[in-house]
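Welcome! Here is a short tour for anyone meeting this structure for the first time. Take a look at the picture, and then follow the notes below.

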Amino acid sequence: MTPTDTLTVTIERGPAGAETFAVPAYENQTVLDVVSWIQQNADPTLSYRFACRVGMCGSCAMTVGGVPRWTCRTHISKVVKDGAVTIGPLKNLPVIKDLAVDMDPFFDKWIAAEGVHHSGQTRHDPIAPIDAATPARVAADAGIECINCAVCYAACDTVTGNDAYLGPAALQRAWTLLQDDKDTGRDDILDAVSGAGGCHNCHAIGSCTAYCPNDLDPMSAIAGLKRETAKSFFSRGR
Amino acid sequence: MIARAHPLRLAYLLHRLSGLALALFLPVHFWVLALALTDPAELDGFLHMTEAGVVKLAEFGLVFLLAVHMFGGLRLLALDWLPWTPAQKTLAAVATALSFLVACLFLLGAL
């Protein structure tokens, strides 16, 4: 395939400043393809992160034209304006180098929100039957396809303003576990998500839901947590 | 900021900015009300100012701020405390837009 034109791609490289590259434009090209072209042909020192290239692993998210996106499944034609586009690292996370951010705070909050399985059984117990049609299971299913890409976390103004806030992804995971019959950590989850950095920080700005590449709805999941923690507060006093 | 403008974020900004503006207005408002006790003559002078066109315009602004802030708050309460489905949210948005349209028609009729 031969290039049809040239793209002007500005890469925000943190303290090193922004750098602009001329990249050949192809008919079929993702944002990740463009970044890879720069790394392979123009500047081998450019650091970025990706793995699967098919929207499964959640490692390639970047800020593209001011908006957080999964770069491997974003066609360049969707984000280029007048032949130019700016690509930077995700916001709200410390930059390691160039386009690679440190995801540790994101995953630490996942754990802090009790986003882990709380088992009530052992391997010797029979497998509990799960009815896929119960309202709780439907609510859980709506949120479990999260790929941990941190697009919602980077999009969230509340995270920007409050370092302690657990963020949309971690809270949505807590919500799905709360709805899960196999999970026995209800009290732990409610305590974790109603603390200082918990669900009640959410201002329902909705950027998480607007930009989730998998069309999940963390904002509604957090609203669910607000209702559950309030019910728990009025019925149990905590 | 502009790159990430979507309806809910704009609604949030409107709510926040109207709240800030009202917070700035309220102390002045209470101070003027307090003049009724401390200096009735000056209060009268203030009340005469309300006949000026620019003050009337400012009052429109004030009513606008109060309205968007109140409805913004009600919107948040409804959004957080009721388990809406996406379709219901769309219907609610359509209903709000329609009632806003009807209100605008009444306003145009009154002018």
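Let us begin with how chain A is divided: the domain assignment gives it domain 1, covering 5-101, and domain 2, covering 104-236. Please keep in mind that this is a predicted model.

- The centres of domain 1 and domain 2 of chain A, taken over C-alpha atoms, are 30 Å apart.
- Where the two domains of chain A meet, 15 residues of domain 1 and 15 residues of domain 2 take part in the contact.
- On the domain 1 side of this contact in chain A, E3 and E4 supply at least two residues each.
- The top contributor to that side of domain 1 is E4(A), which gives four residues.
- Sorted by class, the residues that domain 1 of chain A turns towards domain 2 are eight nonpolar, four polar and three charged.

**The open sheet in chain A**

- In chain A, five strands come together as an open sheet with mixed pairing, and their order is E2-E1-E5-E3-E4.
- Which strands sit at the edges of this sheet? They are strand E2 (18-25) and strand E4 (67-70) of chain A, each of which pairs on one side only.
- Going from one strand to the next, the twist averages 35°.
- Within chain A, strand E3 (residues 61-64) pairs with strand E5 (residues 84-88) in the antiparallel sense, over two bridges.
- To see a bridge up close, look for Val64(A), whose bridge partner in E5(A) is Ile87(A).
- Helix H1 (residues 31-42) of chain A lies across strands E1 (5-12), E2, E3, E4 and E5 of chain A, and it runs at about 105° to E2(A).

**Chain A as a whole**

- The secondary structure of chain A amounts to 10 helices and seven strands.
- Along the principal axes, the C-alpha atoms of chain A fill a box of roughly 65 × 40 × 30 Å.
- Chain A has 238 residues, and 42% of them are buried.
- Among the contacts in chain A with a separation of 6 or more, 64% are between residues 24 or more positions apart.

**Chain B as a whole**

- How does the radius of gyration of chain B stand against that of a compact globule of 111 residues, and what is its value? Chain B has 19 Å, whereas such a globule would have a value near 13 Å.
- The box filled by the C-alpha atoms of chain B is roughly 55 × 35 × 30 Å, again taken along the principal axes.

**Where chain A meets chain B**

- The two chains touch through 14 residues of chain A and 11 residues of chain B.
- On the chain A side, helix H9 (207-211) and helix H10 (218-236) supply at least two residues each.
- H10(A) gives the most to this side of chain A, with four residues.
- By class, the side of chain A that touches chain B has six nonpolar residues, six polar residues and two charged residues.

Key. Residues numbered from 1 in each chain as written. Chains lettered and ligands numbered in written order. Predicted model: local features only at pLDDT ≥ 70, side-chain atom pairs only at ≥ 80, totals over all residues. Pairing = 2+ DSSP bridges. Axes fitted to C-alpha atoms, helices over the stretch in contact; angles between N-to-C directions. Contact = placed C-beta atoms within 7 Å. Rg over C-alpha atoms; globule rule 2.2 N^0.38 Å. Buried ≥ 20, exposed ≤ 12 C-beta atoms within 10 Å, placed from the backbone. Domains from an automatic or database assignment. Nonpolar A, V, L, I, M, F, W, Y, C, P; charged D, E, K, R; others polar.
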